[in-house]
Amino acid sequence: SFLARLPVPAVEPTAEEQALMHAGLDLDPVTRESIRRLQAHDRALLLMIVFEGFTVAEAGRAIGLSEAAARSRWQRLRTRLSTSLPHLREFDNHGSR
């Protein structure tokens, strides 16, 4: 078909995707889209905890959340992304391995 022959425009990676690539993760398009669709504070929490080594409490404070709110949000985030990012299971509720 005509559409199949059209070139696919190159899309520059977002800052978050660049951070993930820098961390050595070559993410598939579905996973990248899962992360891209997260709310900004959830993306920030994910990047700080998993790739920057912050604890959940530290990451929460950095984005203006109480420790309890950050722990709750982190748990929900881990559950939501457990299929596309299975290595998140390595991190306990405190953000440490």
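Predicted model: local features only at pLDDT ≥ 70, side-chain atom pairs only at ≥ 80, totals over all residues.
Leaving aside its neighbours within four places in sequence, which residues is aspartate 42 in contact with?

Residues are numbered from 1 along each chain as its sequence is written, and side-chain values use heavy atoms, with hydrogens and water left out.

Let's begin with confidence. The average pLDDT (the predictor's confidence in each residue, from 0 to 100) is 76 for the chain, and 61% of the residues score at least 70. Confidence is lowest in helix α2, residues 15-22, with a mean of 64, and highest in helix α5, residues 56-62, at 94.

Now the overall layout. The chain has 6 helices and 0 strands; helices (H or I, at least four residues) and strands (E, at least two) are DSSP runs, numbered from the N terminus. Of its 97 residues, 30% count as buried, where buried means under 20% relative accessible area, exposed over 50% and partly exposed in between, using a 1.4 Å probe and protein chains only.

Please look at helix α4, residues 40-51. From first C-alpha to last, its 12 residues reach 16 Å, close to the 16 Å expected at 1.5 Å a residue; that expected span is 1.5 Å times one less than the number of residues. Because 9 of the 12 residues of α4 are buried, the helix is largely enclosed by the rest of the structure. After α4 comes glycine 53, whose phi is positive, near 85°.

Back to aspartate 42, which lies in α4. This residue is buried, with a relative accessible area of 3%. Setting aside neighbours within four places in sequence, aspartate 42 is in contact (heavy atoms within 4.5 Å) with Arg73, Leu77 and Arg80. The side chains of aspartate 42 and arginine 73 are joined by a polar contact of 3.4 Å. By polar contact I mean a pair of N or O atoms within 3.5 Å; within protein, one must be able to donate a hydrogen and the other to accept it, and residues adjacent in sequence count only if both atoms are side-chain atoms.

Finally, the largest nonpolar core has 16 residues, and those with the most contacts inside it include Leu46, Trp74 and Leu77. Such a core is a set of buried Ala, Val, Leu, Ile, Met, Phe, Trp, Tyr and Cys residues joined through side-chain atoms within 4.5 Å. The largest share of this core, 7 residues, comes from α4.
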